Amino acid sequence: MTRVHVHSRNNMPPEGAHNRPTMNKPSLNTLLQQIVAEYLERVDDEHLGLLTVTGVDVDADLNKALVYVSTLADESHDAEILEILEGYRKAIQGEIGRQARMRKTPEVAFAFDPAIRTGARIEHILSSLHR
């Protein structure tokens, strides 16, 4: 059973952003993060294991959306996990188009969250120092 969690790494919207008629980038990133996480949870792919969608970064012209993920699997499984996610890419883009009601749907790509990996490495180093 795939368990997908949403962990926000996006910043809060800038002050006054609520006055704009269109959705601001942080809000759009958060919305897409939710859509992707909910889709992956429904898919329930056991090969993904415990996967967390940690954030989404949509570029300024809305052409690309980089989805950051994290997993408990070791790094030797990265290529396999990214390949599985790539298999769901078009369906996820379709889901984004339906739910976000955007004029154009960004092309989705997946990457492991570097902040999570760096934090884990630092934690490992610190714990080895205390031995």
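I checked the length of helix H3 (residues 89-100): at 1.5 Å a residue its 12 residues should span 16 Å, and its end C-alpha atoms are 16 Å apart, which agrees. The expected span is 1.5 Å times one less than the number of residues. Helices (H or I, at least four residues) and strands (E, at least two) are DSSP runs, numbered from the N terminus.

I worked on a predicted model, in which local features need pLDDT of at least 70, side-chain atom pairs count only at pLDDT 80 or more, and totals for chains, interfaces and linings use all residues. Residues are numbered from 1 along each chain as its sequence is written, and side-chain values use heavy atoms, with hydrogens and water left out.

I then looked up burial (buried is under 20% relative accessible area, exposed over 50%, partly exposed in between; 1.4 Å probe, protein chains only). Arg89, Ile92, Gln93, Glu95, Ile96 and Ala100 of H3 are buried. These buried residues fall within an arc of 160° seen down the axis of H3 (directions from the axis to the C-beta atoms), so they line one face of the helix. Lys90 and Arg98, on the other side of H3, are exposed. After H3 comes arginine 101, with a positive phi near 50°.

Two strands pair if DSSP finds at least two bridges between them. E3 pairs antiparallel with strand E2 (residues 50-58) over seven bridges, and runs parallel to E4, joined by six bridges. I noted valine 67 opposite valine 56 and opposite phenylalanine 110 in E4.
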